[in-house]
Amino acid sequence: MKKNLSIYIHIPFCVRKCLYCDFLSAPADQETMERYVNALCREIIRKSSICKEYAITTVFIGGGTPSILPGEWIEKIIRTVRENYHMDVECEISIEANPGTITPDKLKYWRRAGVNRLSIGLQSARNDELKALGRIHSFEDFLYTYEMIIKSGFNNINIDLMSAIPKQTYVSWQETLKAVCSLNPPPVHISAYSLIVEENTPFYENTPELPEEDEERNIYKITYDILSGLGYVQYEISNYAMPGYACRHNQVYWRRGNYLGFGIGAASMVENVRFSNIRELGSYISLCENELETVEKSSINHLSEKEQMEEFMFLGLRMTEGICEEEFSKVFGRTIESVYPGIVEDFCKKGLLKRRADEKAGEHRIMLTRYGIDVSNVVMAEFLLS
């Protein structure tokens, strides 16, 4: 029986860099993008020889802005995966896309290639907030794009939203949420992230005025109240989905499954070894064209048991279902209590964690409470072993 493997494919191109973005992405000319796609396909083919024992259960094409590429290039990338890997018949194939870069022709190619999940970067329903973020589209552009997507037959759609951004208020955030939830049909998945000001971004060099911490906390609370009231399930700290539509690819990350990344800077974790590709575009293309290794040797990290335990805890606790105590014992041959004496009990007393028993499944789970989610960084830090 084959083991599961997910694939991430990085497209590092965009129309224009957003003011908050620290991702590995930049504008490029058509010739450079085409050379990159060809190099990417070479890397995908070359690494297939080490993946014979795996079945591909999810593929995620991210960026950058993957939808900037011609539709036939996306189809070529996915076809290369299909021809060289064993893809599960129910493989989830996602692509990130931005309003203003999608056409009916591209959607036709994506459907033919087998794409079955779209993630649309909206961020806000207010044009003044979009402008403050440096986005290239308006809310009206998004509405036109969304209608086009629905008409093309896609129904598994995520909308990315961003809170704690310049010009945003508690009231304007509610307006954005309600505008998105009023779409016909409404999206089945909503990712609601807070802005984090990262180094080497325009926002870091000249930080705009942002909502106060109390207002940010209230925004987080109203997000849960509104979305849960409409039937969305919060299955991870920043992600909500209608039943049956949680993103399978992202769950692989949080559950520490195997995933392999292609493209510049793409990260991988296979059998508890983390590694990533080189980040320089020209070098990556040259290495692929010459059938040479693209992994940055200094990035290879064989995770120690301590590191695996830490990841099991702080990644698993991001999900609202929490972590399974029996699974921890099965994987590591030790109980959580023996590794983290007193910590879980103390957090339960403080109302940050809770335990839940599922007698039918024979499981005992530990998860964050609503209060614990508010201060999740504090909780997670306690599971870093010294």
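This is a friendly dialogue about reading a few features of one predicted model.

Visitor: What should I know before I start?

Guide: This is a predicted model, where local features need pLDDT of at least 70, side-chain atom pairs count only at pLDDT 80 or more, and totals for chains, interfaces and linings use all residues. Residues are numbered from 1 along each chain as its sequence is written, and side-chain values use heavy atoms, with hydrogens and water left out.

Visitor: How are two packed helices described?

Guide: Two packed helices are described by the angle between their axes and the distance between the axes. Axes are lines fitted to C-alpha atoms, for helices over the stretch in contact, and angles run from 0 to 180 degrees between N-to-C directions. Helices (H or I, at least four residues) and strands (E, at least two) are DSSP runs, numbered from the N terminus. Here, helix α1 (residues 30–47) packs with helix α2 (residues 71–84) at an angle of about 10°, and their axes are 9 Å apart.

Visitor: Which word describes how α1 and α2 lie to each other?

Guide: Angles under 35 degrees count as roughly parallel, over 145 as roughly antiparallel, 65 to 115 as roughly perpendicular and the rest as oblique. The helices α1 and α2 are therefore roughly parallel to each other.

Visitor: Which residues of α1 and α2 meet?

Guide: Contact means heavy atoms within 4.5 Å. From α1, the residues include Met33, Val37, Leu40 and Ile44, and α2 brings residues including Trp73, Ile77 and Val81. By class, the contact of α1 with α2 has nine nonpolar, four polar and two charged residues. Ala, Val, Leu, Ile, Met, Phe, Trp, Tyr, Cys and Pro count as nonpolar, Asp, Glu, Lys and Arg as charged, and the others, Gly among them, as polar.

Visitor: How many aromatic pairs does the structure hold?

Guide: Rings of Phe, Tyr and Trp (its six-membered ring) pair if their centres lie within 6.5 Å; planes under 30 degrees apart count as stacked, over 60 as edge-to-face and the rest as tilted. The structure holds 13 aromatic pairs. Take Tyr340 and Phe383: their ring centres are 5.0 Å apart and their planes stand at 75°, so this pair is edge-to-face. Tyr340 lies in the loop between α13 (336–339) and α14 (343–349), while Phe383 lies in the segment after α16 (376–381), so the pair ties together parts that are 43 residues apart in sequence. There is also an aromatic cluster formed by Phe13, Tyr36 and Tyr284.

Visitor: Are Tyr340 and Phe383 buried or exposed?

Guide: Buried means under 20% relative accessible area, exposed over 50%, and partly exposed in between (1.4 Å probe, protein chains only). Both Tyr340 and Phe383 are buried. Thr176 in helix α6 (residues 170–181) also counts as buried, because its relative accessibility is 0%. Leaving out residues up to four places away in sequence, Thr176 touches Ser124, Ala125, Arg126, Glu129 and Leu161. Val378, in helix α16, is exposed, with a relative accessible area of 52%.

Visitor: Where does a charge lie over the face of a ring?

Guide: A charge sits over a ring if NZ of Lys or CZ of Arg is within 6 Å of the ring centre and within 35 degrees of the ring normal. Arg111 lies over the face of Phe154, at 5.3 Å from the ring centre. Arg370 lies over the face of Tyr224, at 3.6 Å from the ring centre.

Visitor: What is the phi of Glu271?

Guide: Glu271 has a phi near 50°, a positive value in a residue other than glycine. Look for Glu271 in the loop between β10 (267–270) and β11 (273–276), where Glu271 counts as partly exposed at 38% relative accessibility. Glu291 has a positive phi of about 60° although it is not a glycine. Its place is in the loop between α10 (281–289) and β12 (301–302), and Glu291 is partly exposed, with a relative accessible area of 41%.
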